[in-house]
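Please look over the chain shown below from one end to the other.

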Amino acid sequence: MIRNFITPLILSAATLHAMPVYIGTNTGGSGASKGIYRANFNPETGKLSEPLLVAEYSNPGFLALHPKKPILYAVGQPKTAFPDGTGSVAAFNVVDDRPREFIGEASVGGKGACHLAVDSTGATVAIANYGDGTISTVKLDENGKP
């Protein structure tokens with residue numbers, strides 16, 4: 001009986017492979033970071049590979065993946081400042097586990113965006129703004145663009 005239980009565990013462990021981990025590097029404007037980095041997590045060793053820059057974006061903070069499309073979202077500072085000084089949510093196409101193409105961005109309606117979550121249908125992003133204590137939602141179009 002024990003032997004039947006151990007075999008599936010060994011087979012499961014043999015199928016483990018490195019998984020991408022995306023890292024937002026909000027430096028508070030210090031300029032020490034260039035954007036979003038990716039490392040590979042090895043579940044067998046518990047170690048991350050050396051992070052590599054995969055998308056340039058100013059002060060990306062929290063990151064989230066679209067539930068159905070290969071899109072990565074980040075809160076941060078917009079490429080071109082919004083007149084009201086609000087932060088942004090940006091979208092990037094992910095190809096081969098790397099954000100490759102900037103799709104677009106939208107104002108989050110608040111300052112100091114610190115967290116985001118994409119709803120399970122992939123139609124809306126909710127954002128928490130630390131700087132002014134507000135929350136907001138941004139609609140996503142059919143292609144996942146905010």
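This is a predicted model: local features need pLDDT of at least 70, side-chain atom pairs count only at pLDDT 80 or more; totals for chains, interfaces and linings use all residues.

How much of the chain is buried? Of the 146 residues, 34% are buried, where buried stands for a relative accessible area under 20%. The chain as a whole exposes about 8700 Å², and carbon and sulfur atoms supply 57% of that area.

**One sheet in detail**

Strands of a sheet pair through backbone hydrogen bonds, and this pairing is either parallel or antiparallel. In this chain, an open sheet of 3 strands has the order 9-10-11, and the pairing in this sheet is antiparallel. Strand 9 and strand 11 are the edge strands, since each of them pairs on one side only. From one strand to the next, the twist averages 20°.

| Edge strand | Residues |
|---|---|
| Strand 9 | 113–118 |
| Strand 11 | 134–139 |

Between these two in the order of the sheet is strand 10, which covers residues 124–129. Strand 9 and strand 10 pair in the antiparallel sense over 5 bridges. Which residue of strand 10 does L116 stand opposite? L116 stands opposite I127 in that strand.

Conventions: Residues are numbered from 1 along each chain as its sequence is written. Side-chain values use heavy atoms; hydrogens and water are left out. Buried means under 20% relative accessible area, exposed over 50%, partly exposed in between (1.4 Å probe, protein chains only). Accessible areas come from the Shrake-Rupley method with a 1.4 Å probe; for residues, only the protein chains shown count as cover. Two strands pair if DSSP finds at least two bridges between them. Helices (H or I, at least four residues) and strands (E, at least two) are DSSP runs, numbered from the N terminus. Axes are lines fitted to C-alpha atoms, for helices over the stretch in contact, and angles run from 0 to 180 degrees between N-to-C directions.
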